[in-house]
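User: I am new to this structure. Please show me how to read it.

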Amino acid sequence: MEEVDKILIHSLKQTGTNVGKDVQSVKHFTSELIVEAVVRCLRVIDSALGSGLSPSLPPGMSARFRVGMSLAQACQDLGYKGEIGYQTFLYSNEPEIRSLLMFLVEKLPKESAEALDQPAGKSALLQKSIAAQIKAQLAMPWLPPSCRLPMLCKTQNPGPSYSFQCQNLSLPHFRNVPGNKQLKEEKDYHRDFLLPVTAQLSRHASVPASLMEHHAAELSATHEWENEWNSQGLLSRLTPEEYRSRKRARLQKRIDEQLRTATQPRPDSLSAHRSGSDLTELLQFFGGSPLPGDILTKGTRFTHTEKFTFTQEPERSAQQMAAAASSLPSSHQSEEDLQTQQQEELAALQQKLQQLCLSLEEVGGDIRQLTVSKQQVSDELKQKELSNAEKEDSVLVKKRTIDLLPDAENNLAKLQALVEGSAKRVVNLAAQWENHRAPLIDEHRRLKELCSNREMESSRKLTEIKELHDKIRQSAEEAKKKDGLYKQLITEFENLPKDVSRSAYTARILEIVGNIRKQKEEITKILSDTKELQKEINSLTGKLDRTFAVTDELVFKDAKKDESVRKSYKYLAALHENCTQLIQTIEDTGTIMREIRDLEEQIETENGKKTVSNLEKILEDYKAIRQENSALAAKIRDA
Amino acid sequence: MVHLLAKLPPDECPKLLHRVVDGICGREPPRLADYCDTWTLVEWMELLQFLSSLFRVAVGKKMPDKEVLALLEDVGSGHGEAVLTALRARRDEIRHALVEKTNNMSSSTLQDFDWQIKLALSSDKISCLQTPLINLSLDVKKNGALKAVSVEMNREELQKLISSLEAANKVVLQLK
């Protein structure tokens with residue numbers, strides 16, 4: 001039984017029951033422990049069924065009773081066949097509890113074997129390893145910085161947790177655009193005063209961040225420029241410089257408009273004396289604001305991309321506005337003269353343009369006509385050449401016939417002979433050709449068939465090869481999967497708790513099976529012994545009966561003659577009767593002995609049920625319930 | 001104030017000037033500790049303020065060299081030349097810094113950002129969470145004061161942020 005109890009306790013521990021170390025067998029289970037174990041098992045088996053039950057026994061007696069009832073009901077719902085009621089939990093006896101727990105443990109869901117069949121993905125493995133790592137790190141104690149071993153420095157130092165900040169860097173190639181010649185002073189500065197990048201910043205940690213930010217900003221600016229150039233710039237058919245300047249002008253105009261609309265409606269705002277309508281002053285204010293102590297820090301990528309396009313606007317517009325302002329008064333004076341002059345010039349130029357257009361159109365029409373006529377002429381030429389060749393052929397034929405005319409008969413005969421010979425030759429050749437042709441065609445057909453056969457074969461083989469390839473791939477995949485599964489299972493197996501040795505269980509089971517077999521053999525032996533004994537007894541009784549009958553007859557015959565024999569007959573009868581009684585008594589003794597044994601067993605089982613202590617408990621609980629009842633009654637009365 | 005510069009020998013002038021320009025461009029300005037023999041604290045502050053505003057105005061207004069020299073005529077010509085040399089060498093960088101400052105005109109501007117990716121393995125209620133989280137910290141400059149804003153987002157929230165930023169970028173592109 002110890003073995004069984006160990007298994008039971010182990011499974012109960014797995015369900016989350018808090019079984020104490022000193023509890024070694026079911027005999028030591030208290031009511032509280034039983035209730036907890038049963039509730040945990042129920043929760044694992046059927047969460048809906050178990051969720052309504054609390055794993056701890058309430059203090060009140062009636063509440064305990066109710067808990068016992070509901071637990072019994074739940075167990076019966078699960079299909080427990082044995083006798084069960086509240087008393088099973090509250091006034092436990094060992095065999096009942098054991099059978100109940102065995103039933104519940106058997107009902108526990110098996111480790112989901114299907115889930116393990118699929119190898120977990122890489123991410124799952126990674127997450128598992130991360131979790132394991134973190135668990136290990138959490139398990140390690142924290143040490144003050146001076147006591148840390150190098151191994152701990154990696155995980156416990158706050159090193160990798162500082163934030164990255166970036167600052168502007170000064171780099172020689174910063175605006176080193178080709179065509180933009182470097183000044184001598186700049187070169188001197190780069191050579192003599194510019195610090196290396198690593199020394200330019202106050203904080204050493206921000207160097208990589210700043211470098212990367214710088215690089216990203218330049219890269220994104222280049223990308224954006226390339227995108228724009230490829231999408232719009234190329235279509236405009238300008239050189240990059242022209243495109244840039246045009247865009248700059250457009251943007252400048254836009255900004256000017258924006259600023260004008262922004263400044264005009266609020267002349268009485270903060271910068272009233274500046275804004276007015278004079279943009280130049282405003283822009284100068286933007287351009288050269290002499291604010292001291294203001295530190296310009298790094299811009300984002302966003303501002304970077306903006307800055308590349310907006311770079312020169314303020315000064316540019318300032319210049320522009322200044323130029324406009326200076327040119328305004330002078331243009332006012334000679335405005336009318338200029339206008340008349342320009343109009344005249346315009347009219348003259350337009351006339352000239354119209355004339356030129358007309359002449360251009362005329363010339364174009366001439367050219368078109370000429371090309372059309374040229375094509376016609378070349379076509380005619382070709383036709384003429386063709387007819388010429390035909391005529392030459394016919395002339396040649398006619399010339400020969402004229403040559404043959406003088407000796408007409410002879411020539412006719414010759415010609416006929418020639419024609420006949422030719423016809424014969426043709427027939428001959430046709431026959432020959434037929435002769436040749438038949439085998440060749442056969443050969444051709446044969447070869448064709450062969451070819452098609454081969455093609456079919458090859459296609460068949462090709463499909464086979466493809467199938468094989470597929471199979472190989474599948475097998476490889478499967479092998480890989482199985483390999484992964486194997487590895488995973490190995491790791492899992494290594495991680496499994498080693499407290500339950502499977503081999504011990506199996507050995508034990510085998511031993512038990514062997515024992516049972518031995519017992520069975522013994523039982524059969526005893527059974528056969530009993531049967532033999534029975535047979536012997538039967539034969540002996542038969543013999544006795546027969547012997548008695550014969551003796552009885554003989555003695556009875558003699559008894560009529562002799563008085564002494566009669567006496568012996570009487571003795572014989574008495575002896576027989578006594579012996580029968582004796583046998584009967586022995587048999588009775590045997591049954592009684594068996595009954596005694598049965599009763600002893602019953603007493604033992606009753607003793608095992610802890611009846612006395614349970615009765616005491618029941619008495620106490622009864623008292624408790626009575627007290628509760630009386631308390632409740634008192635309450636009611638008070639109320 | 002210009003005469004203060006005369007206290008420094010002309011050979012050492014360029015180094016100081018370049019550090020001042022570095023300060024304008026958003027790096028470490030020069031420290032008094034290196035020059036405490038030459039100037040007092042008040043003098044130092046005045047000089048620094050004067051030099052940085054000089055550089056800014058000269059670049060921002062595109063002053064010709066003569067005007068700059070006229071501002072510097074109190075000190076010796078050697079010092080004036082040194083300032084001019086530094087100005088010529090760093091004109092582009094200073095202009096860049098100024099343009100950037102004009103770009104950051106609105107009430108609060110983003111100065112810098114940093115991000116960290118975290119993977120929440122589990123929480124107090126769920127044993128297996130596996131949710132990636134991003135920790136985005138923004139350094140926002142509002143009225144001259146740097147303020148750190150830290151946001152933790154999950155995947156959907158980050159997607160939302162990115163899409164709204166992309167929409168903003170589209171608007172900017174349309175402006176161009």
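Analyst: Start with α18(A), which is hardly covered: the count of buried residues among its 70 residues is zero. Buried means 20 or more other C-beta atoms within 10 Å of a residue's own, exposed means 12 or fewer, and partly exposed lies in between, with C-beta atoms placed from the backbone. This is a predicted model: local features need pLDDT of at least 70, side-chain atom pairs count only at pLDDT 80 or more, and totals for chains, interfaces and linings use all residues. Residues are numbered from 1 along each chain as its sequence is written, while chains are lettered from A and ligands numbered from 1 in the order in which they are written.

User: How far does helix α18 of chain A reach from its first C-alpha to its last?

Analyst: Helices (H or I, at least four residues) and strands (E, at least two) are DSSP runs, numbered from the N terminus. The expected span is 1.5 Å times one less than the number of residues. Helix α18 of chain A, residues 335–404, reaches 105 Å, close to the expected 104 Å.

User: Which residues touch the most other members of the largest nonpolar core?

Analyst: Nonpolar side chains tend to be buried together in soluble globular proteins. A nonpolar core is a set of buried Ala, Val, Leu, Ile, Met, Phe, Trp, Tyr and Cys residues joined through C-beta atoms within 7 Å. Here the largest has 27 residues, and I34(A), V35(A), A37(A), V38(A), L71(A) and L101(A) touch the most other members. α2(A) gives the largest share of this core, eight residues.

User: What does chain B contain?

Analyst: Chain B has five helices and three strands. Their order from the N terminus is α-α-α-α-β-β-β-α. Of its 176 residues, 25% are buried.
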